[in-house]
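Here is a short briefing on one protein chain.

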Amino acid sequence: MERLMQYVWQHRLLVQTDLVTVDGRRLSIIDPGRLNTDAGPDFFNAKVKIGEHLWAGDVEVHVRASDWHRHRHDGDKAYDSVVLHVVDRDDAQICRSNGEVIPQMRMSCSPEFHRRYHELVDRADIDLPCAREIRGLSPLHLADWITSLAYERLYSKVDHIENLMRQYAGDWEQTCYVILARALGFSTNSEPMERLAMSLPLHFLRKHSDSDVAIEALMFGQGGFLEKAFVTDPYMEMLQKEHRFFAHKFSLKPLQPLGWKMARMRPHNFPHRRIALLARLIANDSRLVSRIIKADGLEELRKMFNEPLTGYWATHFTFGPGSERTYEF
């Protein structure tokens, strides 16, 4: 049932008129978010309007509201970013780890809809209704279909870039910096990387581009990686000290939990190393667009974005004890 509810939410199949939360507030779904197949909330970076307020964050889906407590989400800070809980049965009030109540919405699916969904999905590899028709399509039609899907994905990326350009008043360097941060997160951590970059404008980082430590302290601090100290890690303690200084000096507000993912991920793709690489690229030369335009061929571009990490991150993929192996991208 939960998979069906996720499917309905993801593809906007529910009737979106007269939606309300369980406490009677009007609800509008601006963006259902991106489905998460890893640990953490079910949908990342959703946008919903509840009453007069627009909320951006994550969405969790359960059959019963009490599943929130059964799965121990109430004490898990990874779920503090949830802005809406979608349930079939509203049998409990749910809260973040600090006791803050999270809005809930009921989304009922009829038993017949549930039956038909599982007939289609659970047997898709056996008797998908359109399987024979797909095999009978000509290569020309298949190629045209795949091309259309490719253009659709490209247009989606263009729309995102154009929205950022409008947001940053035509600043190509700032837009490139945010897009680069998102790309470094791959699909798993793209949203947290983008939100981190947007919280630290490029013109702000340029003021400290002469210090790798300062930029790393700002990024790791805002990303929430410096909250827990390792007594045997002097480098982390140094970054903590730097971040406390900048947070006090510039009144930096810590971000809400960003939902970083590390499960089933190769160590050199951990967010720590991706942030370290972004910091290194900015410290080297923050004029990203200018460097890309002036690059003489593909090899120079590859070299630009394949910057080797040195110092602490040459032998670490997280904070804490190091490794004898040097990790490269």
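The chain holds 14 helices and six strands; helices (H or I, at least four residues) and strands (E, at least two) are DSSP runs, numbered from the N terminus. This is a predicted model: local features need pLDDT of at least 70, side-chain atom pairs count only at pLDDT 80 or more, and totals for chains, interfaces and linings use all residues. Residues are numbered from 1 along each chain as its sequence is written, and side-chain values use heavy atoms, with hydrogens and water left out.

**Overall build**

- The C-alpha atoms fill a box of roughly 65 × 55 × 45 Å along the principal axes.
- Of the 329 residues, 42% count as buried. Buried means under 20% relative accessible area, exposed over 50%, and partly exposed in between (1.4 Å probe, protein chains only).
- Take the contacts between residues at least 6 apart in sequence: 54% of them join residues at least 24 apart. Contact means heavy atoms within 4.5 Å.

**Helix 1 against helix 3**

- The axes of helix 1 (residues 2-10) and helix 3 (residues 111-121) come within 10 Å and cross at roughly 90 degrees. Axes are lines fitted to C-alpha atoms, for helices over the stretch in contact, and angles run from 0 to 180 degrees between N-to-C directions.
- Helix 1 is therefore roughly perpendicular to helix 3. Angles of 65 to 115 degrees count as roughly perpendicular.
- Helix 1 contributes Arg3, Leu4, Tyr7 and Val8 to the contact, and helix 3 contributes Phe113, His114, Tyr117 and Val121.
- These contact residues divide into six nonpolar, one polar and one charged. Ala, Val, Leu, Ile, Met, Phe, Trp, Tyr, Cys and Pro count as nonpolar, Asp, Glu, Lys and Arg as charged, and the others, Gly among them, as polar.

**Helix 10 against helix 11**

- Helix 10 (residues 212-222) and helix 11 (residues 234-250) have axes that come within 8 Å and cross at roughly 80 degrees.
- That angle makes helix 10 roughly perpendicular to helix 11.
- On the helix 10 side, the contact residues include Val213, Leu218 and Phe220; on the helix 11 side, they include Tyr235, Met238 and Phe246.
- The residues of this contact divide into nine nonpolar, three polar and two charged.

**Helix 7 and its ends**

- Helix 7 (residues 172-184) has 13 residues and reaches 18 Å from first C-alpha to last, close to the 18 Å expected at 1.5 Å a residue. The expected span is 1.5 Å times one less than the number of residues.
- Its buried residues are Glu173, Gln174, Thr175, Cys176, Tyr177, Val178, Leu180, Ala181 and Leu184.
- Asp171 caps the N-terminal end of helix 7, with a side-chain oxygen 3.1 Å from the backbone nitrogen of Glu173.

**Positive phi angles**

- Most residues other than glycine have a negative phi.
- Ala169 has a positive phi, near 55 degrees, and is not a glycine. Ala169 sits in the loop between helix 6 (139-167) and helix 7. Its relative accessibility is 73%, so Ala169 counts as exposed.
- Phe186 also is not a glycine, and its phi is positive at about 50 degrees.

**A buried glutamate**

- Glu307 lies in the segment after helix 14 (298-305).
- Glu307 counts as buried because its relative accessibility is 17%.
- Leaving aside neighbours within four places in sequence, Glu307 contacts Leu277, Arg280, Leu281 and Asn284.

Methods:
Parallel < 35°, antiparallel > 145°, perpendicular 65-115°, else oblique. Polar contact = N/O pair within 3.5 Å; in protein donor to acceptor, adjacent residues only side chain to side chain.
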